[in-house]
Amino acid sequence: NPRGGDEPGPMSVEAVPRSAGLGAEVSASLREYWRRATPYQRFLYWLAVVFLASAAVHGAAFLLGDLPWEGPVSWRKPLLFSFSFAAASASIAWVMTYLAPRRLLGWTLAAVFGVASVGETALISMQVWRGTASHFNDRTPFDESVFAAMGFLIIGVAAVIVVLTVWSLVALRAPTSLAWAIRAGLVLVVAGQAIGGIVLGEGFRQQGSARSTRRSRSARRAR
C-alpha cells in the first residue's frame, strides 16, 4: 500500500485479469500511482519527463555535432545530468508515496529540487554551447561565477536528498522489506554525495595548485 498499513497495494491482483499480461498490470499500477499522487509528486514526475526530453535534445546535439564524447567540453555532461536528474526526480516522487502527505514539506522539497536541478543542467548546457568547460573553469570571471552557481545549486539538490532520507528513516510507511530497501538506497545515495564532496574537494585542490603554478610561471617570465 503506497500510503502504508496492511491493506492491499495500489492495485490489487484482481484489478487486472491475469490474461491481460504483465504489460497491462504494470500500466494499471502506474496509473494508480499517478491517481494517488499528491500535486508535488506529480510535479516531480513531470519534471522527470522534462529531463528525459532534455536528454533527447542533448543526445541529438551530440549525434549531429562534432564535439567528442570525452573531454571537458562535451554533450556528455548535460546528457548524463539530464538522465540522472530524471531518475532522481521520479525516485523522489515515488518514495514520497510511502510518506504521509505533508503539503508544505513536500512542496518545499519538490521546489528546491526542481529549481536546483534545472538550474544546474541549464548552466552545464550553456557552457557547452559556449564551447567552454563547465566544471573547474576559472578562465574568466564569468566562468568562475557559473561554476560557483553550479556548486550552490548542487548543494540544494544534496540537501533535498538528505532531508528526504531523514524523513524516510523516521516516518516511512511501507512493508518491512520495501522500507528497508528504500532506506538503504537513500543512505547509499547520501554516502555517494559525501564521496562526491571529497572528489570535489580534491578537484579544488588540484585547481588551486595549477593556478599557483601558472602564477609562478608568469612571475618568472615578467622578470
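Is V170 buried or exposed? V170 is exposed, with a relative accessible area of 65%. The notes below refer to a predicted model.

1. **The nonpolar patch.** V170 sits in helix α5. Together with V162, V166, L169 and V187, V170 makes a nonpolar surface patch of about 420 Å². Helix α5 covers residues 141-171 and gives the largest share of this patch, four residues.

2. **Helix α2.** This helix runs over residues 39-64 and has 26 residues. From first C-alpha to last, α2 reaches 38 Å, close to the 38 Å expected at 1.5 Å a residue. Its buried residues include Y40, L44, F51 and H58. The buried residues of α2 pack against α1 (22-36), α3 (76-96) and α4 (103-130).

3. **Salt bridges in α1.** The whole structure holds three salt bridges. E32 meets R35 in one of them, at 2.4 Å from N to O. Both residues lie in helix α1, three residues apart, about one turn of the helix. E32 also forms a salt bridge with R36, with the closest N and O atoms 2.9 Å apart. E32 is buried, because its relative accessibility is 15%, under the 20% cut-off. R35 is exposed at 52%, and R36 is partly exposed at 32%.

4. **The bridge between helices.** D143 pairs with R130 in a salt bridge, the closest N and O atoms being 2.8 Å apart. D143 lies in α5 and R130 in α4, so the pair ties together parts 13 residues apart in sequence. D143 is buried at 3% relative accessibility. R130 is partly exposed, at 43%.

5. **The network.** Shared partners link E32, R35 and R36 into one salt-bridge network.

Conventions: Residues are numbered from 1 along each chain as its sequence is written. This is a predicted model: local features need pLDDT of at least 70, side-chain atom pairs count only at pLDDT 80 or more; totals for chains, interfaces and linings use all residues. Side-chain values use heavy atoms; hydrogens and water are left out. Patches are made of residues with over 30% relative accessible area and no salt bridge: like charges are joined within 9 Å, nonpolar side chains (Val, Leu, Ile, Met, Phe, Trp, Tyr) within 5 Å. Accessible areas come from the Shrake-Rupley method with a 1.4 Å probe; for residues, only the protein chains shown count as cover. A salt bridge is a side-chain nitrogen of Lys or Arg within 4 Å of a carboxyl oxygen of Asp or Glu. Helices (H or I, at least four residues) and strands (E, at least two) are DSSP runs, numbered from the N terminus. Buried means under 20% relative accessible area, exposed over 50%, partly exposed in between (1.4 Å probe, protein chains only). The expected span of a helix is 1.5 Å times one less than its number of residues. Contact means heavy atoms within 4.5 Å.
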